[in-house]
Amino acid sequence: MTEDTTPSHENRFATTAVGAAANATYPHDGGTNDVIPPLHLSTTFEWASGADANEHDYSRESNPTRAALEKQLARLEGGEHGLAFASGMAAISTTMLSLVPPGGHLVSSDSLYSGTEKLLTKLVAGHFGVDLEFVDAREPETVAAAVDSETDLIWAETPTNPLLRLCDIRSIADIAADHDVPFGVDSTFASPYFQSPLELGADIVVHSTTKYLNGHSDSIGGAVITDDDDLFDDLAFSQRIGLGNMLSPFDCYLVGRGIKTLPARMEHHQENAMAVARLLEAHDRIARVHYPGLESHPQHDLAAEQMSGYSGMLSFEFDGTLTEIEAFVDGLEMFTPGASLGGVESLVEVPSLMIPDEVSHGSATADVPDNLVRMSVGIEHVDDLCEDIRTALP
Ligand SMILES: *Cc1c(COP(=O)(O)O)cnc(C)c1O
């Protein structure tokens, strides 16, 4: 890793995001020197031998538009290798299937995106017979107690969806290193702008690019970034040869386009979310606000230490009935009720109301309270957002 590819803010992340620090232009046939990576839709590339050999043969295995995005993703996370997947779930499932053999051992944080929880319980454990242990990763000791030399993978999401819990990436990375076990982090909520798990010792970082990286709610995608050559070889084989779940060239183009404004968007998301979080915290019908940027968040100190900002995601517990919560959501005009997050527009989701089948109760994973409301705070004018919430609250 050379110094100018390190994605810390000191090293000018915004410049990396725009792409100016890498190849400034993309010369190709005809010498057009495009300023953006051209969209290559070709499924195949003319074969040649020797000095004329082409870098690309067949687009499942590699494609110039995808290669440009994968390089950009790696640079943003300060990693060596990037892979672009057809969805966040494709990125996560490929990581699991590549690194955990049937009957293997996997330790995961118990607070997780519902899709990941289903993948783990139904497919990884249910179908492949993996010994799956959910632990409260807020306490590194519980992770340490579950891991042994037979463990194949440690998995954690931070901050978590939708409870906004954190885990100490550096401490867990140390535990993983002690046992020589790979450690993967789903860093979707933070985005590469606010958190750099590889710098903190993780081996693999995963994103749903559907969320902040693309940022415009018009592309489903995922990413895996790693520094480890062997892990990369396994993952690339699974993706390119075995599973074929790569991101299409057009979506690669969209995500690459979105990334250019990631720093500007994230600053704005965070500013608005902080204002919304403070407003909610001061309201007497809101029992609790989960936002790592608030001093009242039980892990605020950890957040301040391992993240450089807190993004636009928050959730809160409404002191009221489900009917009242539904009335609140109906009363909102700036926040569209719906799944997904990380786009420029504000969204609101009540898991118990909108995705009841996906909310676990009494299972091995962390309970999502029925009165939990999740907000993806967009980049609209902050006064409009706050006024909207004030009007809709009882
Ligand atoms: C949305 C999400 C995913 C899944 O990503 P898709 O692109 O929807 O497949 C995984 N992890 C987290 C934290 C998410 O928010």
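Asn 33 is found in the loop between helix H1 (13–18) and helix H2 (64–77), where helices (H or I, at least four residues) and strands (E, at least two) are DSSP runs numbered from the N terminus. The model is a predicted one, in which local features need pLDDT of at least 70 and side-chain atom pairs count only at pLDDT 80 or more, while totals for chains, interfaces and linings use all residues. Residues are numbered from 1 along each chain as its sequence is written, and side-chain values use heavy atoms, with hydrogens and water left out.

Asn 33 is not a glycine, yet has a positive phi of about 45 degrees. With 39% relative accessibility, Asn 33 counts as partly exposed; the classes are buried (under 20% relative accessible area), exposed (over 50%) and partly exposed in between, with a 1.4 Å probe and protein chains only. Ser 340, in the loop between strand E10 (336–337) and strand E11 (347–349), also is not a glycine and has a positive phi of about 70 degrees. Most residues other than glycine have a negative phi, and most peptide bonds are trans.

Turning to helix H3, its twelve residues (88–99) should span 16 Å at 1.5 Å a residue, and the end C-alpha atoms are 17 Å apart, which agrees; the expected span is 1.5 Å times one less than the number of residues. Ten of the twelve residues of H3 are buried, among them Gly 88, Ile 92 and Leu 99. At the start of H3, a side-chain oxygen of Ser 87 comes to within 3.3 Å of the backbone nitrogen of Met 89.

H3 also gives the largest share of the shell around the ligand, three residues. Of the 15 residues around the ligand, Met 89, Asp 186, Ser 208, Thr 210 and Lys 211 come nearest, a residue being near if one of its heavy atoms lies within 4 Å. A ligand nitrogen atom is 2.6 Å from an N or O atom in the side chain of Asp 186. An oxygen atom of the ligand is 2.8 Å from an N or O atom in the side chain of Ser 208, and for Lys 211 a ligand oxygen atom is likewise 2.8 Å from a side-chain N or O atom.

Conventions
Polar contact = N/O pair within 3.5 Å; in protein donor to acceptor, adjacent residues only side chain to side chain.
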